[in-house]
Amino acid sequence: REFGWRDPELPEVIQMLQHQFPSVQSNAAAYLQHLCFGDNKIKAEIRRQGGIQLLVDLLDHRMTEVHRSACGALRNLVYGKANDDNKIALKNCGGIPALVRLLRKTTDLEIRELVTGVLWNLSSCDALKMPIIQDALAVLTNAVIIPHSGWENSPLQDDHKIQLHSSQVLRNATGCLRNVSSAGEEARRRMRECDGLTDALLYVIQSALGSSEIDSKTVENCVCILRNLSYRLAAETSQGQQMGTDELDGLLCGDANGKDAESSGCWGKKKKKKKSQDQWDGVGPLPDCAEPPKGIQMLWHPSIVKPYLTLLSECSNPDTLEGAAGALQNLAAGSWKWSVYIRAAVRKEKGLPILVELLRIDNDRVVCAVATALRNMALDVRNKELIGKYAMRDLVHRLPGANNSNSSASKAMSDDTVTAICCTLHEVITKNMENAKALRDAGGIEKLVGISKSKGDKHSPKVVKAASQVLNSMWQYRDLRSLYKK
């Protein structure tokens, strides 16, 4: 200290990144990592002075210790929503391919964690989602997700199981892919077609069931990726497009009990006009489901229902619950034949009570996803009866208004969730008079009238409209009008 030691100025540190000695380069990068931790001003200053380009150049250095420090500095520089400019700067100087090259060649676990950490931070920036898919998807899948999931060396080895979820590398890589899976149709298409990705993600989830890892961030990431990839499957996959809109008419390729499913091929040569759900007894084996699914088929095959339902009944991480309910919601939407099978499979696996029970949870986003999933399940006639019988009180209970013991909980519910519950009620009473009676018996009319009269003060126009539509559909049952008037 007597000799006038001082901290180096920022420009000096940045210059040291180009020093001839690797140890100086490494220390300079480590010092930058330390300086910019939690300090957005310094992060921006390092970018303005060209530091990001120099750090990216160090990713191709010959020394491991330089890689470690450069990745650590880059990870901090691109952390946080406020630093999107840094993320874009890193991409503009070839940073994504450089990170991928390093991930491919390094065997050092800490560096793999750092590289995947940088990619996870980058993936929150919308402008970088497609570039990451283009440059990094295959390597993240093949070098991290497949080997760390343990899918290739199944049957399950227990020591591997424990190791796998505590793996930061897997957590970071799934976190990155979770962000980029929300980038639209092209992103979903490329991820669905990425060999082994769906299989490995499902394997991670299945190996976590029944263990303490079920609430982990890694499982949450995997479920949320699968939820996004199961969105609009019928419209976006070749298998979906092969089925026309008349698919419900020709749903059954073979006999109602599925004897002929194999001989008639997957999409059915004999298109007998049958009214599917009435014909297919809903109890026998599902047609077309004999072969175990592979790759992309796993996304919609009815066998996926069981792991999702197990998550919903055992897990306590609300983000995972929302993801699993959202995945079932996506799969059960519409009139695609696999959606019909999924709705039946949820009933057969005793999934409806699991969903109904989650309506009681104190988490707005979970209730919203579960209510919408139930709405889609009610497109199946048998499910509709069961939901009307066993879920009506829970659905009405979640509506805000009249004599609610939990009025505080209901107040906290968002407009989206109240709308979702109204849409579910609407689906459940459509073409089912018994359910309309049940809605009245559960005290639904008072609450719905309360919502539809509260124009604008408490509820948004969207909520008021949804509640009014339910009342309007109830009024269509002429035989019930005298009951309502009471």
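A search of the whole structure finds 0 disulfides, a disulfide being a pair of cysteine sulfur atoms within 2.5 Å. The structure is a predicted model, in which local features need pLDDT of at least 70, side-chain atom pairs count only at pLDDT 80 or more, and totals for chains, interfaces and linings use all residues. Residues are numbered from 1 along each chain as its sequence is written, and side-chain values use heavy atoms, with hydrogens and water left out.

Two cysteines illustrate the point. For Cys224, the closest cysteine sulfur is that of Cys222, 9.4 Å away and therefore too far for a bond. Cys224 is also buried, at a relative accessible area of 11% (buried means under 20%, exposed over 50% and partly exposed in between, with a 1.4 Å probe and protein chains only). The sulfur of Cys368 lies 9.5 Å from its closest cysteine counterpart, in Cys423, again too far for a bond.

Turning to helix packing, helix 9 (residues 129-149) and helix 12 (residues 185-192) pack at an angle of about 15 degrees, with axes 10 Å apart. Helix 9 is therefore roughly parallel to helix 12, a label for angles under 35 degrees. Helices here are DSSP runs (H or I) of at least four residues, numbered from the N terminus. Met130, Ile133, Gln134 and Leu137 of helix 9 meet Glu186, Ala187, Arg190 and Met191 of helix 12, where contact means heavy atoms within 4.5 Å.

Finally, Gly388 sits in helix 23 (residues 381-390) and is buried, at 3% relative accessibility. Leaving aside residues up to four places away in sequence, Gly388 touches Val428, Asn435 and Ala438.

Definitions and conventions:
Axes fitted to C-alpha atoms, helices over the stretch in contact; angles between N-to-C directions. Helix = DSSP H or I, 4+ residues; strand = E, 2+ residues; numbered from the N terminus. Parallel < 35°, antiparallel > 145°, perpendicular 65-115°, else oblique.
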